[in-house]
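This report describes selected contacts in a multi-chain model, at the level of chains, domains and helices. The structure is shown first.

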Amino acid sequence: MRIPSGCAIAAVISRTGRRMTGGAIMEAMKPMHDRSNGLGGGFAGYGIYPDYKDFYAFHMFFDCRDTRKKCEAFLKESFEVVKGELIPTRKMPEITDEPIIWRYFVTPLRSVLADLQLDEKEFVARTVMKINVEMNGAYVFSSGKNMGTFKAVGFPEDVGVFYRLDEYEGYSWTAHGRYPTNTPGWWGGAHPFTLLDYSVVHNGEISSYDANRRYIEMFGYKCTLQTDTEVITYILDYLIRRQGLTLTEAASVIAAPFWSTIENTTNSYEKEKLRYLRTVFPSLLITGPFSIVLGFDGGLMALNDRLKLRSMVVGEKDDRVFIASEEAAIRVMEPDAEKIWAPSGGEPVIVTLKEGAF
Amino acid sequence: MGVEFIYPEFEVVRNYDRCIACRVCERQCANEVHFYSEERGVMISDEAKCVDCQRCVSLCPTRALKIVKSDSTLRENANWQNDTIKEIYKQANSGGVLLSSMGNPKPLPVYWDKILINASQVTNPPIDPLREPMETQVFLGKKPSRIERGKDGKIKCELPPQIALSLPVMFSAMSYGSISYNAHASLARAATELGILYNTGEGGLHEDFYKYGKNTVVQVASGRFGVHEDYLNAGAAIEIKMGQGAKPGIGGHLPGAKIVGDVSRTRMIPERSDAISPAPHHDIYSIEDLRQLVFSLKEATQYKKPVIVKVAAVHNIAAIASGIARSGADVIAIDGFRGGTGAAPTRIRDNVGIPVELALAAVDKRLRDEGIRGNVSLVVGGSIRSAADVIKAVALGADACYVATAALLALGCHLCRTCQSGKCNWGIATQRPDLVKRLNPDIGSARLVNLMTAWRHEIMEIMGGMGINSIEALRGNRLMLRGVGLNEKELEILGISHAGE
Amino acid sequence: MKRYVMIGGGVAAVGCIEGIRSLDREGEITVISEEDHPVYSRPLISYLLEGKTDTERMKYRPDGFYKENGCRVFYGRRAVSVDAVSHSVALDDGAKTAYDKLCVAAGSRPFVPPFEGLDTVKYKFSFMTLDDALALDAALFESARVLIVGAGLIGLKCAEGIRDRVGSITVCDLADRVLSSILDADCAAVVQKHLEQNGIAFMLGDTVQRFEGSRACMKSGVAVDFDLLVLAVGVWANSELVKNAGGEVNRGILVDKKMMTTLDGVYAAGDCAEGYDAALGARRVLAILPNAYMQGNTAGVNMAGGEQEFGNAVPMNSIGFFGLHIMTAGVYDGEMFEDAETGSIRRLFVKDGRLAGFILIGGTDRAGIYTSLIREKTPLDTVDFDLTKKVASNLIFSQEIRRKKFGGVV
Amino acid sequence: MKRVYVNEEWCLGCHLCEYNCAYANSGLKDMVVALKDKKIFPRIRVEGEDRITFAVSCRHCTDPICVKSCIAGAISKRDGVVRIDRNKCVGCLTCVLVCPYGALAPGEDGIMQKCELCLDNACGAPACVTGCPNRAIVYEERSETQ
C-alpha cells in the first residue's frame with residue numbers, strides 16, 4: 001500500500017565546508033510544526049563521521065537482538081566491519097516504541113568484489129536492497145560514507161533531540177517532518193530516504209509513482225516501502241550513479257521541461273540533449289506535486305515539480321545556503337538570511353562545497 | 001425455400017404517413033432492399049436483403065424508416081440459440097465455412113469495463129488541462145539502455161529511430177482493397193493533421209498517398225502484396241504482420257472481385273485474382289527467422305525506420321513478446337481477440353485468441369521482469385473504444401493504442417458486419433466506384449480529426465484528474481487502476497488491486 | 001460631363017442606359033420616347049389580352065428607373081432629324097437636343113401592304129405596341145370573327161391572346177406554313193396542327209386580294225367574313241433618321257460589333273439596327289427582345305468610353321402556344337440530326353463540326369445549353385455529341401468543363 | 001460573394017437536394033405535408049445517370065444573360081443574387097433558351113422559378129447545401145481564379 005503524504009522540509013549547507021551542529025536544523029523544523037503530524041521525522045547530516053570517512057556507515061533498525069546477530073553475521077561474510085555500536089539516543093516520552101538502533105562502519109571485502117566483478121558502490125547498494133527486502137526485522141536506513149540519517153516516528157524536533165543531533169557536526173543538514181494520511185507508524189517509513197550517500201527529503205505526492213516504480217525496479221531496485229520518496233531516491237541513484245548523469249541532467253529527467261519549452265530552447269546541444277533525455281527516460285518523469293532536497297557527498301540539490309505545486313524557498317547568508325518549505329524556517333536558522341527566492345518549477349538549485357573545502 | 005428458408009433477420013419498418021416516396025432509400029441501398037412500386041405508387045422493401053447498415057434510415061429526409069430485429073423466432077432454447085441454429089442451416093445449405101466481418105460480437109468479458117480509474121482528492125491536486133500544459137506526445141521505439149558521452153563530455157544524442165505521436169493512438173492496419181481509396185485518403189489525411197500514424201495494412205500503398213508517408217506505417221504481411229523498396233522507405237515505420245486478433249493463425253483472403261484497377265496495381269497482383277495471404281510468413285518458421293526479416297527490412301531502409309511486429313494475442317503471448325523484444329524489433333503490436341477484420345471465418349473470429357487487456361498486462365510485466373521493457377514499445381489494439389480504454393491501456397503498460405473500428409465508425413460504419421460482401425453502403429469496405437464516392441474524405445478526415453481531438457481532450461481531462469500532466473507518467477502506472485468484479489487471478493494477471501483496496 | 005441622347009424609349013434604350021451607367025454615373029441622359037408610356041415589354045401584349053399580365057406588371061423596369069438613372073425623358077416626342085455634324089437631334093416640336101453620343105433605338109413599325117380596299121375595313125388593328133393592344137382589347141367581343149393576316153410570331157401570339165375572347169379566328173399568310181421565318185415545313189406542320197386543335201383556322205399559301213368592308217376576298221377565290229382585322233404581316237426598321245443624316249443603312253441601320261453606325265458618335269441598337277449575326281456570319285436585323293437589350297447595353301458601354309463588343313448575337317426564339325413550347329436558334333444549315341418522340345421534335349443542324357442551329361418543339365428543357373454551343377461555337381468533338389442529339393444536358397461536357405461551370409465563379 | 005458550388009466527385013445522385021429545395025420553398029413547416037404525393041418542382045436538379053451525377057442550380061453569373069434576355073424584365077440581379085419576380089413572369093421560357101447551364105425551369109404553375117439561395121425562405125441558407133449528405137454541394141466564397 002502506498003502512503004500519500006504532505007510534509008515539511010528544510011536544509012542548510014556551508015559552501016566553505018564549515019561544520020555546524022544539528023541544533024540549527026532542529027530549530028528550523030519548529031515553526032513548521034503543523035506540516036507534520038508526529039508520524040515521522042528525520043535528518044541527514046553530511047560530514048559527520050570524519051574519523052570513519054572511508055567507511056560506509058550503515059544505520060540500522062532491528063526488531064530484536066537475534067535479527068541483529070543474524071544480520072551482523074551476514075555482513076561479515078562480505079564486509080570488513082570496523083566498528084559496530086548502538087546509536088546514542090535520549091530517552092524521552094515523545095518518542096516511544098523504538099527498535100534496536102545500531103550503526104556499523106563497513107567496507108566491502110576486496111575478494112568478494114573481485115569474485116562478483118562488481119563496482120564497490122553497486123555491491124553496497126545491492127547489499128542494502130537485499131537486507132531490506134529479504135531480512136525480516138532488519139532495515140538499513142542509511143548507507144553512505146561520512147554521512148548519516150536519523151529518523152523516527154514522532155515530530156522532527158523531538159526526533160532530533162532523541163538522536164542527540166546537537167552533538168553531531170556536519171557541513172550540511174537536511175530535515176523532514178512528515179504528515180502521512182495513513183501509516184503503519186513505522187520508523188523505516190520516515191524521511192530522509194537514502195541509498196549510499198544519496199538522501200532525499202521530500203514534500204509531496206507524486207502521481208507518476210507506479211510508472212516510476214515499475215520502471216526503476218527493472219534495474220534491481222526494490223521499492224519496499226511504497227513511498228514516493230523511496231522511488232525518487234532510487235531514480236536519482238540510477239540516473240546519477242549508474243547512468244552517469246550530472247545533477248542538472250538528472251533534474252531534467254525527473255522534472256523534464258515541457259516539449260514546447262524544449263522546442264523553444266535556443267542552444268542546439270541543450271535542446272537535443274533535453275529531447276534525448278526525455279525520450280530515453282520517459283518513465284522517470286515525476287508528475288504531481290513535489291519539493292525535494294537531495295543530499296549527496298559534497299552538496300545539496302533542491303528541486304520542485306515542473307508545475308511548482310509545492311512551496312519551497314531558498315535563502316543565503318555568507319557561506320551558507322538555506323532551503324525550506326517555508327521562509328519562517330529559514331529565518332529561524334538565520335534571521336538575517338538574504339536573497340530569499342522561490343525557485344521556479346523544474347529548476348534545480350544545486351549547491352556544492354567549494355573545491356577542497358571539506 | 002422450404003428447408004433452405006431462413007427467415008430474414010431484420011424488418012424494414014416504413015411509416016407510410018411520412019414516406020414521400022423520394023426514393024433516396026432505393027438509390028442508396030446497394031443491397032437493393034427498397035424499390036418503388038409504380039402500380040401502387042409507394043415504396044416497398046425486400047427485407048431478406050437487408051443487412052441493417054442504417055444507410056437508408058440515416059438518409060431518409062422524413063425519418064420514415066427504421067430497421068428492427070425480426071421478432072419471428074424459433075422456439076426458445078438456452079442451449080440452441082437462434083443464431084446457432086441459423087448458422088447450422090446456413091452451413092447445411094452451403095457446405096461452406098461461415099464468414100463474418102468486424103470484431104467478435106460474443107458476450108465475452110470486456111476487461112476495460114471492469115477496470116476503474118483513479119482521481120486526485122485533497123492530498124494531491126488535480127490539474128486543470130484548460131489552465132496547465134497537458135502533454136500527450138509519445139515516442140515509440142527502442143530506448144538506449146546506457147547513456148554514452150563523447151570525449152568532450154557531451155551526451156551522444158543519437159537515438160534509434162522513433163515514431164512520434166501527438167497522442168498515444170494510431171489508426172491500425174486496414175488494407176487498400178479491404179477498404180476503399182476514400183477511406184484510406186480520410187485516414188491518411190486525418191493522421192497527418194493529427195500528428196499520428198495510420199497503417200496501410202497488407203495491400204500496399206497507393207501512389208497518391210506517398211505524400212502522407214511521414215504519417216504512415218507500411219505493413220509487410222505474409223502475402224507480401226505491394227511490397228517493394230520504395231514502399232518500405234515511404235512510411236515512417238514498417239510493420240511485420242504476424243497475426244491478426246480477429247483471426248489468429250490464419251492468413252487473409254481478399255476476394256478477386258475487390259482486386260480491380262488501382263487495387264490490383266497497388267498490390268502488384270493481376271486483376272480479379274484472389275489475394276490470399278498464407279497463414280505463416282513462409283520465411284518465418286521460428287523466432288530467429290523473424291530476427292532475420294526484421295534486419296532485412298532495416299537493411300533495406302538504412303536503419304532509419306522502426307520495425308513493428310504485430311501479433312495476435314494468443315495464450316503464450318508473454319513468451320512470444322519476450323522473443324520479439326529480443327529480435328531487433330522496435331515496437332510490438334498486440335491485437336486482441338476482439339479486433340476487427342474485413343472478413344474472417346466466423347468460428348475463428350469468435351473463438352480464437354485472448355483478451356488484449358490480459359495479454360497487455362502479461363507482456364508488460366514479462367518484459368519488465370526480464371529488464372527489457374525499454375527494448376521495445378508496446379502498442380495494443382483489438383477494440384479500443386474510447387479515451388477511457390486508451391487511458392486504461394496506457395496505465396496497464398501500453399505505449400500507444402491501435403484504433404480501427406472506432407475510426408471506421410467515425411467514417412460512417414454502422415457495424416452491420418458484412419464487409420465481406422463488398423457492398424458497403426457507407427463507401428468504406430467496398431471498391432464499387434458508385435459506393436466509394438459516398439465517403440468524401442473532406443468529411444471523413446474531419447470526422448476522424450474530431451474524434452481524436454475529442455479523445456485527446458478526454459485523455460487530458462482524465463490525466464489531469466489523476467494529477468498527471470504528461471502521458472509518460474501514466475504508462476504502466478497500474479496504481480491508477482482498480483478492478484471491479486474481478487477474481488483474484490484476473491487481478492493478479494492485470495497487476496491491479498481491487499476497488500476498495 | 002457627357003451628354004447622351006436616346007432616340008426611342010424601349011428595351012434597347014434601357015440596355016443603353018444601364019450600359020452607360022455601368023461606367024458613367026454623371027453624364028446627362030436624355031430619352032426621346034415617341035410612346036407615352038414608361039418602358040414596357042412589347043412581347044407581353046398578347047399576354048395582356050389573354051389576361052396573364054396587366055399594364056402594371058408589363059413595366060420592363062420599376063417606376064423609379066429613369067429617376068434613379070438620372071434620365072430626362074421626353075414622352076410623346078418624336079425625333080425628326082439628326083444633325084451628325086453639329087451633333088444634335090431635332091424634335092417634332094421644333095426643339096433641338098445636342099449630344100456627345102447618340103443612340104438610335106427607334107425600333108420598327110408594322111409593315112402594311114397596300115391591300116386594295118383596306119380603307120373600307122372599319123375595325124383594323126396592328127399588333128405591336130401597347131396602344132395597339134389596348135385598342136384591340138377595347139374592340140373584342142365574344143362572337144367576333146377575327147381575321148389575322150400574317151402567321152408569324154406576332155400574328156399567332158395575337159391569335160393565342162384573344163382566342164378565349166372571340167368567336168373565331170382565321171389566320172392567313174402568303175407563306176405555305178406558319179412561323180415561316182423560324183420553322184421548317186415539318187415543324188411548322190406540327191405547330192399548325194396544335195394551333196388548329198386549339199381552335200385557330202388557317203388559310204395558308206393564300207392572301208387577301210381585296211377587302212370589301214368586313215369581307216376579305218382571297219386570292220384563292222374564297223371570301224372570308226370578319227368583324228375584326230389584325231394586320232401582322234411584318235415590320236420595317238425605323239432607319240430613316242440615320243439614313244437622312246448620311247449614315248449607311250440596309251434593311252436596318254448598319255452597325256459594327258460595338259453598335260457604332262457609320263456616323264461619328266452615333267450608335268444604333270434594337271429592332272432598327274442591322275448588326276452582326278454570329279450564326280449567319282453576316283449582318284442582319286435580329287428583331288428580338290434579348291438582342292435589343294444586349295445591343296443597347298453594348299452601345300451604352302461604348303458610348304460611355306468603355307470597350308465592349310457584341311459578337312455572338314444569334315437569332316433565337318422561345319415561343320409558346322397553348323402549352324406547346326417552341327424554341328429555335330441559329331440557322332438551319334448543314335447536316336440535320338433529328339430525335340423525334342411523340343409530341344416533340346428535336347432537330348439539330350451541324351455545320352463545320354459546330355452546332356449551327358436547332359428547333360425544339362415540346363421538350364425544351366435546358367435548351368440554353370444548345371444555344372450556348374451555337375454562341376460559343378463549341379467544337380462538337382469536345383462534347384458527347386451522341387448524347388447531345390438526344391438531350392440538352394450538362395452531361396455532354398467533359399468533367400473538366402463541368403468542374404469550371406459548377407465549381408468556379410462564372 | 002457566396003455561391004452554391006457543386007463537386008460531382010461527391011455527388012451520390014440521391015436527389016435529396018431536390019427534395020430539400022422543394023420543401024424549403026414550399027413555405028410549409030412539415031416536409032411530409034409539403035411533398036407527400038406531389039410531383040416536385042425543385043430549383044436544383046440532379047443531372048446524369050449511374051456513375052456521374054451532379055446537381056445544377058443557378059450559378060448567379062457575374063454577367064447573367066437571363067437578366068438581359070427576360071422579355072418581361074422579371075429577372076434582376078441584386079446584391080449578387082439573380083432573382084425572379086414571379087409576378088411579372090409570363091412563362092415564355094426565354095430564360096431557358098439562353099441559360100448556358102440549364103439552371104432554370106418552370107414551377108408547377110408554368111411560371112419560372114429559380115434558385116435564390118434560400119435567402120427569402122425560412123432556411124436562410126441554401127437547403128440543398130445543408131441537406132447534402134456528402135458535401136457535394138457547398139455554399140462558399142470562391143475567387144475567379146479558383
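Two residues are taken to be in contact if their C-beta atoms, placed from the backbone, lie within 7 Å. The model is a predicted one.

**Chains C and D.** By that criterion, 39 residues of chain C meet 35 residues of chain D. On the side of chain C that touches chain D, two or more residues come from each of α8 (289-303), β22 (316-321), β23 (324-330), α9 (367-375) and α11 (399-407) of chain C.

**Domains of chain D.** The domain assignment divides chain D into domain 1 (1-57 + 115-146) and domain 2 (62-114). Their contact draws 10 residues from domain 1 of chain D and 11 residues from domain 2 of chain D. A distance of 18 Å separates the C-alpha centres of the two domains.

**Helices of chain A.** Helix α6 (residues 209-216) of chain A packs against helix α7 (residues 228-242) of chain A at an angle of about 45 degrees, and their axes are 10 Å apart. α6(A) is therefore oblique to α7(A). The crossing of α6(A) past α7(A) is left-handed. From α6(A), the contact involves A:Tyr209, A:Asn212, A:Arg213 and A:Ile216, while α7(A) supplies A:Asp228, A:Val231, A:Tyr234, A:Ile235 and A:Tyr238.

**Composition.** The table lists residue classes for these contacts.

| Contact of α6(A) with α7(A) | six residues | one residue | two residues |

Note on methods
Residues numbered from 1 in each chain as written. Chains lettered and ligands numbered in written order. Predicted model: local features only at pLDDT ≥ 70, side-chain atom pairs only at ≥ 80, totals over all residues. Helix = DSSP H or I, 4+ residues; strand = E, 2+ residues; numbered from the N terminus. Domains from an automatic or database assignment. Axes fitted to C-alpha atoms, helices over the stretch in contact; angles between N-to-C directions. Parallel < 35°, antiparallel > 145°, perpendicular 65-115°, else oblique. Left-handed = near helix turned anticlockwise from the far one by under 90°. Nonpolar A, V, L, I, M, F, W, Y, C, P; charged D, E, K, R; others polar.
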